[in-house]
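Subject: Structure handover

Hi,

Here is the structure I promised to pass on. Please open it alongside this note; my findings follow below.

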Amino acid sequence: MVAHTKSEPKTIEHVMGESGALSELVEGYSPRQSQLDMAHEVQQLIESDETLLAEAGTGTGKTFAYLVPALLSGKQIIISTATKTLQEQLIQKDLPTLLKACGVKGKARLLKGRDNYLCPQRLEIAETTEQHSREDWKKLALIRDWSEKTLQGDRAELEHVPENDAIWRKVTARLEFCQAAECLSESGCFYPKVKEQASEAQILVVNHHLFCADLSLREQGFGELLPDADVYIFDEAHQLPDIAAQFLGFTISRGQLEELTRDIRHAQKTESPDSQEISDLCSGFDEKIKSLNDTLGKWEKRWTWEQLEKEALFQAEMKKLINQVGFLVESLKVIVERGKQLNAVYKRAKDIESQLAEWNASQSENKIRWIESSQARFKLNLTPLSVANAFSRQREQIGGAWLFTSATLSVRNKFDYFANRLGLAEAKTATWPSPFDYPKQGLIYHPIGLPEPRNPDYIKICLRAAWPLLKASEGRAFMLFTSHRALQEAYAILKQHWDGKLLVQGELPKLTLLNQFKLCDKVILLGTSSFWEGVDVKGEALRLVVIDRIPFAPPDDPIVQAREAYLKEKGLNGFINFQLPEAVIAMKQGAGRLIRDTEDSGVLMLCDPRLSSKQYGTVIRDSLPDFPWVYDANKAIAKLKTNGQVTEEIKTV
């Protein structure tokens, strides 16, 4: 990355102080002490090349707190986020404003993974050599028209083709094809140009998936995807350990395997039509994919390796599948020089052969083999139980300053759990509480007398307890569930009784649901994991958040079982050192949906009786915002109806 000089030296106070540049550029801006303190801490971090874990409560203004010292430093910065929403906010809103406020002439760029960019060569192949349905031809025509206007080739600009449409995979700049085609920016291909621009930016914005893909390549010694930088900033950092585990392991799905055979057939037909045996081998491979799926049964299930080891039929079919892909690789090797497409599918087939063999024979104590299956699909997963050593090793090799920040990094004000997951035990830590006045702006209602969550009528009883609050708030509520089953059960009950609007996760895109929620009257939104975080509804539109139970991971999940066994071997309690911290962080995220601004007010209803009946409930309670707790529904109803401050009577409960 290329360094940029500042037009005139400025300090943090010049930008963020009482009469600083931001007070002129941003309407309603006023300095916050916690924001200024964090900015100075980040400045010190950048100057000293240290590592900092920073928990900044909702409303602290942490984005400006790390961006201002980053820009003023003149150093090369990579910012990684978990969500597209924050990426777009940084690139479209925050960075343009702050570049101006800081008097910095450096450039800010957004870089996404290859699959987000159009490949002109693959588009041409799809248009000239493939058969398509009428609908797919219409979509290809839209892509062609857009390709002649776009400067970046970024999928996000293409509004009229659904995000997950299969046709996009046929025209995207996927690594295997790009390696075979060896495209350069001069060729008119978008991705090399985007990467070139990224290398010239002072601030490069990426997501955790791309950063971890880069980390994985470095760990394997295959080079890198991202340019080097001086400072690495991870916002929404609490999601990073799980995303790193995805990339330091791998997944092979039935869809990937079937897509490989389709692409091999197409490449053979186009570039080596006389090699009919390749097509025959593909047919045999498809049969063995189906046979392997059949051994796993018709019902949705997660299998541990210990279960699969005893399934003789599965083991036999797995060997046949690996042998068949081996035959394909050998046959492709003979004709690989005949064309770019054959070269690309040969490399893919070799990679999949290697991964299947590794999955089938892995003896690593740190990696768990497991399968998700149903009637028509399966996924073979190899997932590391700990990414601490790999992450720490790469961080030390890369060097520079590293900041990890989120509103939810600590458990009871301690960072040990997050730090240990990424090998950051020696990192400095700092906390800046939210400026919101939680005791005045809201309260937690914890109903007495609810049964244990395993009770078959639990959701029905929770809804009965929540009903008076839903009526008092006239909807304007999020109901957050820990499972799709519980969500659907609640929806089935509510649609018979609620006379307002019900919005259900999955029925519409997330952004569409949120926009409808803000506009509709008497509306309740029912969501699971993706609505527990990254959702920002300010003002009167949201007055009530209901959480059905403590978000513990399912005990029969293969990764949960393996991690608990792994910790037990090290003399540690799996519940205390894994399940409980995960639940605390998730609960803090869910609770954070309620108060998003200084003028917000409302009620957080926590149903799970274990919060008060179990000793570990105290750990969760101590980690939540300091709302007053009430146990009388009438006090919660009064809060919802008044829109005002909490009364002295409620505050003393």
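This is a predicted model: local features need pLDDT of at least 70, side-chain atom pairs count only at pLDDT 80 or more; totals for chains, interfaces and linings use all residues.

Cysteine 119 is another case. Its relative accessibility is 0%, so cysteine 119 counts as buried.

On disulfides, the count is zero. Cysteine 119 is in none. The nearest cysteine sulfur to it belongs to cysteine 189, at 4.7 Å.

Helix α13 covers residues 254-271, which is 18 residues. At 1.5 Å a residue it should span 26 Å, and its end C-alpha atoms are 26 Å apart, so the two agree. Buried residues in α13 include Arg254, Glu259, His266 and Gln268. Leu257, Leu260 and Ile264 are also among them.

Helix α28 runs over residues 633-642. Its N-terminal end is capped by aspartate 632. A side-chain oxygen of that aspartate sits 2.9 Å from the backbone nitrogen of asparagine 634. Lys635, Ala636, Ile637, Lys639 and Leu640 are the buried residues of α28.

Last, arginine 476. It lies in the loop between α21 (458-472) and β13 (477-480). A polar atom of its side chain is 2.9 Å from the backbone oxygen of serine 473. Beyond its neighbours within four places in sequence, arginine 476 contacts Phe517, Val523, Glu540, Ala541, Leu542, Arg543 and Leu544.

Best wishes

Definitions and conventions
Residues are numbered from 1 along each chain as its sequence is written. Side-chain values use heavy atoms; hydrogens and water are left out. Helices (H or I, at least four residues) and strands (E, at least two) are DSSP runs, numbered from the N terminus. The expected span of a helix is 1.5 Å times one less than its number of residues. Buried means under 20% relative accessible area, exposed over 50%, partly exposed in between (1.4 Å probe, protein chains only). A polar contact is a pair of N or O atoms within 3.5 Å; within protein, one must be able to donate a hydrogen and the other to accept it, and residues adjacent in sequence count only if both atoms are side-chain atoms. Contact means heavy atoms within 4.5 Å. A disulfide is a pair of cysteine sulfur atoms within 2.5 Å.
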